[in-house]
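Let's take a walk through a protein model together. Have the structure open and follow along as you read.

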Amino acid sequence: MSRFVTKRVPPSESKKLKLERNQKIFSNIQSKIKNDRVKLNELRKKAKIEAFDLQKQYKKHVKSIVDLKRQAKQNGGLYRPAEPKVAFVIRLKGINKLSPKVRKIFQLFRLRQINNGVFLPINKATTEMLKVIDPFVAYGYPSISMIRKLLYKRGYLKVGKKGSYQRVRIQDNSIIQKRLASKGVYGIEGMVRELFFCGEQFKAVSSLLWPFKLSSPNGGFVRKSTRFTEPRGGDCGNREHLINKLIDRMC
């Protein structure tokens, strides 16, 4: 009996081209993954350095205040602290019986709902607008620990195109690095630095943040219709550094 020997058919030209194409795509994907890992490690290192720099900067800031107080005491004078640069504003009033001017200011400040909160730079324009909406908001000057607590517990970012933003929770630094790495902010600690010291990128950081949606305070409000500084007590108006207690109860 004769045996038939089967010969292997060589691959066609189209199959060769397909194999070459797939191999090229695979090598490109591998190189991209490798480059992304290198970039991610670099950004993580920068985020760590940023956190250490914030600690040094804050310690230096506190030490300078202590030194100025001692110097003033030695010279027989009084130390007057610098004017605050950033305020945190919380909306207390709904939409009923509000003038168009007040509604417009709420819209400009992005305070569209009750218990919404935003960070604002203190300048002449914002000061004049705060005077107009003073009976309907509570505001003050937050500490660095309260800013950090707000970002970690209630921090959300605006993601997407204008007009179709999505509210995305801050879960890690990667989502911040995609949008703020070009501006020198690599993580949450960088955002804390810009918000507390009112840095050069304050506008970019505050506009990227979704307005904070806070809960009603533990123990409730005292009286929304009266000012905080009145003898019988109230909630609206400027609380200065005492805003930290209200934020802590609403987080």
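This is a predicted model: local features need pLDDT of at least 70, side-chain atom pairs count only at pLDDT 80 or more; totals for chains, interfaces and linings use all residues.

Residues are numbered from 1 along each chain as its sequence is written, and side-chain values use heavy atoms, leaving out hydrogens and water.

In soluble globular proteins, nonpolar side chains tend to be buried together. Here, the largest nonpolar core has 37 residues. (Such a core is a set of buried Ala, Val, Leu, Ile, Met, Phe, Trp, Tyr and Cys residues joined through side-chain atoms within 4.5 Å; buried means under 20% relative accessible area, exposed over 50%, and partly exposed in between, using a 1.4 Å probe and protein chains only.) The residues with the most contacts inside this core are I90, F119, L151, L157, I176, M191 and L209. Among the elements that give it two or more residues are strand β1 (86-91) and helices α4 (144-154) and α6. Helices (H or I, at least four residues) and strands (E, at least two) are DSSP runs, numbered from the N terminus. A second, separate core of 14 residues includes I105, F106, F109 and L130.

Now find α4 and α6. Two packed helices are described by the angle between their axes and the distance between the axes. For α4 and α6, the angle is about 135° and the axes are 10 Å apart. (Axes are lines fitted to C-alpha atoms, for helices over the stretch in contact, and angles run from 0 to 180 degrees between N-to-C directions.) The two helices are therefore oblique to each other: angles under 35 degrees count as roughly parallel, over 145 as roughly antiparallel, 65 to 115 as roughly perpendicular and the rest as oblique. Contact means heavy atoms within 4.5 Å, and among the residues that make it here are L151 of α4 and M191 of α6.

Is E194 buried or exposed? With 7% relative accessibility, E194 counts as buried. Leaving out residues up to four places away in sequence, E194 touches V185, G199, E200, Q201, F202 and V205.

Finally, look for P211, in the loop between α7 and β6 (212-213). P211 also counts as buried, because its relative accessibility is 12%. Apart from neighbours within four places in sequence, P211 is in contact with R110, N116, G117 and V118.
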